Structures are given as structure tokens and as C-alpha cells.
Amino acid sequence: RVLFRSSTAVSGIVGRARGFAATNAEVDLTLAATWYSANLPALTLSLWAKPDPVPSSLGTVFGVGATVASNALYLAMNTTPRVLKWSAGLGAQETAGPTYDVGVWQQVALVLSNGVAYLQKNDGALQMLGAYGAIAPTNAPVLGRRAGVGLPFAGVIDEVRLTRAPRSAAWLRAAYRTVAQPAFTGYGVVEARSEEHTSELQSP
């Protein structure tokens, strides 16, 4: 059962979302820390984020810090003036990916695939971050800040997906366009099938 812990219900890009005010607010996904390390060979985190116009310093949308730096795992905004990019912490190393936008909805995805990490924003290309090794967080990651450390996010988070598979660039583009470009998805009238037509399809 998801625990919301001081985050607020707000309007999102798809229905309701959670708002964070650069405090200790978080959303606890209630998955054991061991679940993440067990699935790191093939894992995709994707979410929609709308950072505040004045972002919090090193705002973390998802993740965990660690007493042992090599066990850190997070997705955050590197707000250093010379960087201003979405960044991922994989063990003791943080690597920057695509730039972030403030006050604007954007889909960002972290893909871990057999020792190589990638970041994708919206419907852009997968950007390779580099290799990662074994990571064993002692805390379970949360949304809205870095568990065990802080560095909270200011803004809104929506449509969080955590998948035990390395999603392709095409899959992530389709997920983005389904939300950002409704015309990408087609809708039609449901057609009833007659008894005769049904039996004909089922005959050998």
C-alpha cells in the first residue's frame, strides 16, 4: 500500500498527482530495499515531473542515498548552474543526462539494462550514462526526496511506473506521446459482432 507522507493531492497531467514543496514530504512505494537490488539487471523507472519555476537544490524525484556511497540509487535534477540536467546516481557516481525544464511537464525515464544505464526525456533518444555495478540500497527509494539523505523535490510528480524490464526508446516515446499528444492514440466506436460472424471465425 502506497504511503503519501505529507505530499499533497493536486491536478496532474493525467488526473490527480502528488505535489511536493521541497520538504521531507515523500511517497513511500512500500517495496523492500532488496527488491531494487534484485531487479537492477533489468529495471525501468519512468515518471512525469513538473518542477517548480525555482527548483530546490539537487531536487530528487526518486531515490535513496546510502551510508555507503556505492549503494546510492536515485534520479534527480542537478541544479548546479553549469549543469542543469536530469542526473542519475548509480552507486558512488552521478552522471548527467538531458536538460530539465522548470514549470513544464516532462516525462523522464531511467533505464537499467544488464550493467548499462540510460536516461530519456520526453520522446528524445535514449542517452547512455555508462556502466553501473552491483547496488544494494539499505533503504527503499521513495518519491519526492532521497531516502536517508533528503535533497527534496519541489513540484509535481505523476504517472510513475517502475518496471522489471529495460524499456526501449520506442516504448518510452509511445508512452510519452499517449499523454502529450492525444491524437497519437486512436479511438473508435465499439462494434458488436453477430452470432453468425462469431461462429464463422471460430470454425476450423
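Me: What are the ground rules for the numbers?
Reply: In this predicted model local features need pLDDT of at least 70 and side-chain atom pairs count only at pLDDT 80 or more, while totals for chains, interfaces and linings use all residues. Residues are numbered from 1 along each chain as its sequence is written, and side-chain values use heavy atoms, with hydrogens and water left out.

Me: Why is the contact between Arg 145 and Glu 26 called a salt bridge?
Reply: A salt bridge is a side-chain nitrogen of Lys or Arg within 4 Å of a carboxyl oxygen of Asp or Glu. The N to O distance between Arg 145 and Glu 26 is 2.8 Å, so the pair meets the rule. By this rule the count comes to 3 salt bridges.

Me: What makes Arg 145 and Glu 26 a tie between separate parts of the chain?
Reply: Arg 145 lies in the loop between β12 (142-143) and β13 (154-163), and Glu 26 in the loop between β2 (16-21) and β3 (27-28), so the pair ties together parts that are 119 residues apart in sequence. Strands here are DSSP runs of E with at least two residues, helices are runs of H or I with at least four, and both are numbered from the N terminus.

Me: How do you know whether Arg 145 is buried or exposed?
Reply: Buried means under 20% relative accessible area, exposed means over 50%, and partly exposed is in between (1.4 Å probe, protein chains only). Arg 145 has 17% and is therefore buried. Glu 26 has 6% and counts as buried too.

Me: What makes Asp 101 and Lys 121 a salt bridge?
Reply: Their closest N and O atoms are 2.7 Å apart. Lys 121 is buried at 14%, whereas Asp 101, at 30%, is partly exposed.

Me: How do you know that Arg 177 and Asp 123 belong among the salt bridges?
Reply: The closest N and O atoms of Arg 177 and Asp 123 are 3.4 Å apart. Arg 177 is in helix α2 (residues 169-180) and Asp 123 in the loop between β10 and β11 (127-131), so the bridge ties together parts that are 54 residues apart in sequence. Arg 177 is partly exposed at 26%, and Asp 123 is partly exposed at 27%.

Me: Why are β1 and β11 called edge strands?
Reply: Two strands pair if DSSP finds at least two bridges between them. The open sheet has 7 strands in the order β1-β2-β13-β4-β9-β10-β11, with antiparallel pairing. β1 (8-11) and β11 each have a single partner strand, so one side of each is left without a neighbour in the sheet.

Me: How do you know that β4 pairs with β13?
Reply: Strand β4 (residues 42-51) is joined to β13 by 7 bridges, and the two run antiparallel. Ala 49 has Ile 157 in β13 as its bridge partner. Likewise, 4 bridges join β10 to β11, also antiparallel, with Val 116 opposite Ala 131 in β11.

Me: Why is a group of residues called a nonpolar core?
Reply: The name is given to a set of buried Ala, Val, Leu, Ile, Met, Phe, Trp, Tyr and Cys residues joined through side-chain atoms within 4.5 Å. The largest such core has 33 residues, and Leu 47, Val 61, Leu 73, Trp 86, Leu 90 and Leu 112 touch the most other members. β4 gives the most to this core, with 4 residues. Another core of 5 residues lies apart from it, among them Ala 17, Trp 48, Trp 105 and Val 156.

Me: Which residues is Leu 47 in contact with, leaving aside its neighbours within four places in sequence?
Reply: Contact means heavy atoms within 4.5 Å. The residues in contact with Leu 47 include Val 61, Val 108, Leu 143, Ile 157 and Val 160.
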